[in-house]
Amino acid sequence: MLVHYIDLSWRSLKRTPLVSFLMILAIAVGIGITMTSLSVYHMMSMDPIPQKSSQLFTLQLNTTDDGTTLWTEDNMPMQLTYKDAMRLHTAETPARKTASMRSGFTVHMNNQELKPFLSEARLTGRDFFPMFDRDFVFGSAWTLEQEQSSSPVVVINEELNDRLFGGENSVGKQVYLDDTAFRVVGVMKQWDIYTKYYDLNNGAFNSPEPMFIPITLVAPMQIASWGNNNGWKYEGISTFEGQLKSETFWLQFWVELSTAAQVRDYRAYLQAYLEEQGKLGRYTRAVPKFNIQNVNEWMEYNNVVSEDNKILVGLSFLFLAVCLANILGLLLGKFLTRAPEIGVRRALGASKRQIFLQHLVEVSLLGFLGGVLGIVVAQLGLWGIRSTSNDYNALATMDVNMLLAAPTIAISACIIAGLYPAWLVCRTQPAIYLKTQ
Amino acid sequence: MLEIKPIFNSLLRSKAGALMLLVQIALTTMIVSNASSIIFDRMEYLSQATGYPEAEIFSFSVMSFDKNLDLTQKFEETETMLRNIPGVKNAALFNAVPVSGSGSATGLGLQPASEGGQDARSAYYMADENALDTLGISLVEGRNIRPDEVIESQTREILPKIVLITKTLADELFPAGDALGQTIYFGDKPLEVIGITAKMMGPWLKDSRPDNVAIIPFVSASIFQKIIVRTEANQRTAIMRQIENLMLEDHNKRVITGLQGMDDEKQNYNAADTLMLRMLIVLIVLLLSVTALGIFGLTVFNINKRTKQIGTRRALGARKSSIISYFLVENVIICLTGTALGSISAILLGQGLLDLYSVPALNSLYIISTVLFIITISILSVLIPANKAANISPSIATRSI
Amino acid sequence: MLSMKNISKVYQTEKVQTHALRAFDLEVQEGEFIAVTGPSGSGKTTVLNIAGMLESFTGGDYMLDGVNVGSLSDNQRADLRNQKIGFIFQGFNLIPDLNLFENIEVPLRYRGIKSAERKRRIELCLEKVGLASRAKHLPQQLSGGQQQRVAIARALAGEPRFLLADEPTGNLDSLMARQVMELLEEINHEGSTIIMVTHDQELARRAPRNIQVVDGQLADFTLYQNKTMDALAAQAGQPAVEV
């Protein structure tokens, strides 16, 4: 029966080619626009590490005086001070934790063959790799001993490994960062994520850094951050030492907490820590305030999906509504014109349900065709976005979910739009339409 | 003549089709009004003047990885080399590049920071006496920095005592207009205002105070140093192509990066807004087209459905113009109702957007022009099929069904 | 007052020429009641269309009430049609979205007649056809016979000089057909000139003058000149039937 209905529907569409074309076009454009903005939204807001996102938490500690206002909505600093970050980094609890900072170096091999180039680098603890599920192609992360002794070791990613060492196993080989010789201890698998969720302060859609070195090198090598530095009070800092001791915020901190109990325990720990720091006279604050947010909460807090994007998605759906109203009007007209034929069918024994079903199949076919065409329109739209701005190269694409969503949304929308006309047609008395007029 | 009452009654009787058109028109009015408001706001933002001769200026960063280098001395040589390139008007070391999205800012106050008091948020550039000329900015009051007032040092033991500020910053701190000669405080350090400059923007166009800028005559050459160069406009491309080689010849333990003209820099900073602008424009163009086509299609459909009726009317004495005006009136009734509904919805949507997001308040001008525009394209969309309808022969009335 | 001389109508479709009427002559005096009959496809509807200025003609002259129709513009023809001619169609052709009152109003509005006068005429005509109580109803709510009566009321409301009826009883049963026919006779008595196309021989016989159109040309049978139904019935020895 379904095949029969599809056949009937196809013939019906062919009978009024212009109207059918206009309807399919209207759906296609509506779906195309909606999918364009929805795809970007989807990519931006996607959980980047779904298997662990609720177990990885980032910290914000309010180490300012009571009454200090910052530029965030809840007046919480976005990063930590060096003192706090390193103190928590070397604490006993929890099992996995890491301070984190972005910097950069000139990379060269101290020979004439390779032209020196600039590369970003991330400074972290060794826990970073298991925490964020980073696998290694060769070697592994540095050892605890290397970290504690501030050894000049580096983990590089596959791309950098290809560039410097032709893709071979480079563990143990040497590379110069600025003028210091570093030894490669591991080659990390390429990290393909759309959103740089572990550091949203400095370019949410940049690629992850190609090099990782121990955070314990910050002090001895006097490595400056390439990220944001924010202060809340005047401190007259003039040396790197001063910077390390200051209340400026310039490092990030992540922990892994697998159970609710662990979260509770850690909250208590931080509470105690902040109270202690307050008593030491660093700041005057009656009630310690801190935020622990998991990956998705952190992305939300940082407004990764921009306002503009949310507005566009909203407007797109409204646009789709207009297209649907368009189609509804045309469907009404088309179905009601066909009423005499329906009258004949009913006289010949078709039940209301069968008529209703026939029409729903017809609108579904319309939706399907419109949805498929809509994918083409969306691809065009996404291409347009990609060609405007490099930032969106990875974001402005349709993944499998979006590709399936397009015809699904189209068919659902058409069915909703078609319900009323279909119901109208099947409920009128056949006799009326068998009379001549 | 206008048969308003019967047309209205007949619309009420066959509501559904007209209702759909009404809904379309209302939604279109609602969307287009708000979208055009956002579009114009963005266009205004994007076309704002930065104050700089953007086509003449480019910047780049130098990463020096020679541990043993005397940075201050080396960069003095570099600056001299750059200034001597034919076609270059001036060049200087800066701590930040305008409109790049990256830089430094602080609160400059009337009292030392430790004593509190009023301060104004301001971006600051640290550069020597060539700063103004390199940026192409003129002075409106006072004088430029003298070479002997510039502090070049790797430490902060000695600090400059003077500062140049923009007129906007001067007006904020000294509303009476007497900024020249006054002292302002960078933290606890006093700086005398010796000159007031014309409008120039800081590194962030989206800052809360984008044109509060101070120029402090302090140069501390760093291993990651930014340099700004100003050239004759038509020489810039050629010079930019040579820059990396010239810089590496000057000292080869360097990496040159981020070479970009100021206008491109601004474009990058504004990429997201430009994108939003384009998408919104595409959206409303498509929306208006869909609505126009919808009206067209529905009218054609109605006419086909009512062919017999039209023939009958002609037989009963209707002129061709009466037939056209019949459809026009029908359409205008739907249009006016739809746009009225749409205008109210537009106001509501505008209010909602204002509350949730940082968009400007919806000016009723946008609603009015949208309504007028929609009515116009609506009438145009009806005219063509209506014209065809008028040509239906009255003899249709006598043809058998 | 209606005079067609040597009227020809040719339909041109791609390669085929169809002569619907050739060398057609017709003279109609005021107050006449003419039935036009003929085989299917003979051109009788064309005669009506041309008479009512619904179609143009290819050759010949058509004078209506002293006006040369061929020289009129489209607007002038529409105006003339509106003022002088009333139509009754086989398919009633009532506008489904309008109620009875509004349907009858249509030609009056085109004439520019003022609202109060329109109301007066419409109520009068509805009364005449016996449907005054259903003025606010829609055509779909009426039977075929009732719809035709509304169509007649519409034709009458304009106080036309000519009534052109195209198979006015074609879609009605014999009872209603007779009702309509009586109405038409009454109207004719009141002074309107009626030209009626019909294929019903019995109906045709009731009209004082008959015309036959065969192959696009006129054959004039004046069978029952100036006889009424009563006279016929008396001839046949049966009482006249009241409906």
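**Strand β4 of chain B.** I looked up strand β4 (residues 119–126) of chain B and found that six of its eight residues are buried, so that the strand counts as mostly covered. A residue is buried if 20 or more other C-beta atoms lie within 10 Å of its own, exposed if 12 or fewer, and partly exposed in between, with C-beta atoms placed from the backbone. Strands (E, at least two residues) and helices (H or I, at least four) are DSSP runs, numbered from the N terminus.

I noted that this is a predicted model, in which local features need pLDDT of at least 70 and side-chain atom pairs count only at pLDDT 80 or more, while totals for chains, interfaces and linings use all residues. Residues are numbered from 1 along each chain as its sequence is written, and chains are lettered from A and ligands numbered from 1 in the order in which they are written.

I then listed the pairing of β4(B); two strands pair if DSSP finds at least two bridges between them. Strand β3 (residues 105–109) of chain B runs antiparallel to β4(B) and is joined to it by five bridges. Within that pairing, B:Thr106 has B:Ser122 as its bridge partner. With strand β10 (residues 213–216) of chain B, β4(B) pairs in the parallel sense over four bridges. There, B:Ala123 is bridged to B:Val213.

**Sheet in chain C.** I traced an open sheet of four strands with antiparallel pairing, in the order β2-β1-β4-β5. Its edge strands, β2 (16–28) and β5 (67–68) of chain C, each pair on one side only. Strand β1 (residues 2–13) of chain C is joined to strand β4 (residues 59–64) of chain C by five bridges, and the two run antiparallel. C:Lys5 has its bridge partner in β4(C), namely C:Asp61.

**Helix α3 of chain C.** I checked helix α3 (residues 100–111) of chain C and recorded ten of its twelve residues as buried. Among them are C:Leu100, C:Ile104 and C:Tyr110. The cover over these buried residues includes α1 (4–13), α9 (307–315) and α10 (320–356) of chain B, together with α2 (74–84), α4 (115–128) and α5 (144–157) of chain C. Just after α3(C), C:Gly112 takes a positive phi of about 85°.

**Contacts between chains.** Chains A and C share no contact, and their closest C-alpha atoms lie 6 Å apart.

For chains C and B, the contact takes 28 residues from chain C and 24 residues from chain B. The elements giving two or more residues to the side of chain C that touches chain B are α1 (44–51), α2 and α3 of chain C. The largest share of that side, seven residues, comes from α3(C).

**Chain A.** I found chain A divided into domain 1 (2–47 + 306–434) and domain 2 (63–288), with bounds from an automatic or database domain assignment. Their centres, taken over C-alpha atoms, are separated by 50 Å.

I also examined helix α2 (residues 17–45) of chain A, where 22 of 29 residues are buried.

Key. Two residues are in contact if their C-beta atoms, placed from the backbone, lie within 7 Å.
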